[in-house]
Amino acid sequence: GLAAGGSCAALLAVPQIFTRDAALWPGITAVVPQAIVSLVFCGIECAMCGVLLAQCDFKFVNVTMAANLLILAGFMSFSRHSGMGLGAVWWALVLFFSLRAFWSTTRAAALLWLPSDQLPASG
């Protein structure tokens with residue numbers, strides 16, 4: 001997380017690290033905030049999804065992933081028609097990982113309070 005945050009901060013301060021084309025620098029710095037936010041939610045989602053998979057809650061993970069992909073497809077269709085450009089890709093990542101983090105975290109928290117005989121069955 002620290003390395004990812006440092007990389008994003010470097011993009012804001014010194015975008016020429018990644019390209020010598022000065023015409024691209026404003027575009028790079030424009031998406032850094034979305035990159036930072038999506039990385040934070042990605043870390044949360046990976047940890048919470050790991051908890052769900054360890055609890056064998058495969059159905060929940062699969063159903064919410066399918067729902068998330070449908071929402072993402074709708075967003076990408078909207079962004080394509082509204083001319084959002086490259087920034088839409090980064091906003092889509094924020095949307096994807098924030099939804100996944102929300103669903104995974106709320107489900108993992110709910111599983112904490114279930115008696116062991118009511119946890120999802122393995123297999």
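Trainee: Which backbone oxygen lies 3.2 Å from a polar atom of the side chain of T64?
Mentor: That oxygen belongs to V61. A polar contact is a pair of N or O atoms within 3.5 Å; within protein, one must be able to donate a hydrogen and the other to accept it, and residues adjacent in sequence count only if both atoms are side-chain atoms. This is a predicted model, in which local features need pLDDT of at least 70 and side-chain atom pairs count only at pLDDT 80 or more, while totals for chains, interfaces and linings use all residues. Residues are numbered from 1 along each chain as its sequence is written, and side-chain values use heavy atoms, with hydrogens and water left out.

Trainee: Which side chain is joined to that of T64 by a polar contact of 2.7 Å?
Mentor: The side chain of R100 is the partner. Leaving aside neighbours within four places in sequence, T64 is in contact (heavy atoms within 4.5 Å) with R100 and W103.

Trainee: Where is T64 found, and is T64 buried or exposed?
Mentor: T64 is in helix α3; helices (H or I, at least four residues) and strands (E, at least two) are DSSP runs, numbered from the N terminus. T64 counts as buried because its relative accessibility is 8%. Buried means under 20% relative accessible area, exposed over 50%, and partly exposed in between (1.4 Å probe, protein chains only).

Trainee: And which residues of α4 are buried?
Mentor: They are G87, A88, A92, V94, F96, F97, R100, A101, W103, S104, A108 and L111. What covers them includes α2 (25–54) and α3.

Trainee: How many residues has α4, and what span does it reach?
Mentor: Helix α4 (residues 87–112) has 26 residues and reaches 38 Å from its first C-alpha to its last, close to the 38 Å expected at 1.5 Å a residue. The expected span is 1.5 Å times one less than the number of residues.

Trainee: How many aromatic pairs does the structure hold?
Mentor: There is 1 aromatic pair. F96 and F97 form it, edge-to-face, at 5.1 Å centre to centre and with 80° between the planes. Rings of Phe, Tyr and Trp (its six-membered ring) pair if their centres lie within 6.5 Å; planes under 30 degrees apart count as stacked, over 60 as edge-to-face and the rest as tilted. F96 counts as buried at 16% relative accessibility, and F97 does so at 17%.

Trainee: Changing topic, how many disulfides are there?
Mentor: The structure holds 0 disulfides, a disulfide being a pair of cysteine sulfur atoms within 2.5 Å.

Trainee: What about C56, where is its place?
Mentor: C56 is in the loop between α2 and α3. Its phi is near 60°, a positive value in a residue other than glycine. Most residues other than glycine have a negative phi.

Trainee: Finally, what is the mean pLDDT of the chain?
Mentor: The mean is 86, and 90% of residues reach 70 or more; pLDDT is the predictor's confidence in each residue, from 0 to 100. Among the elements of the chain, helix α1 (residues 2–13) has the lowest mean pLDDT (69) and helix α3 (residues 58–82) the highest (94).
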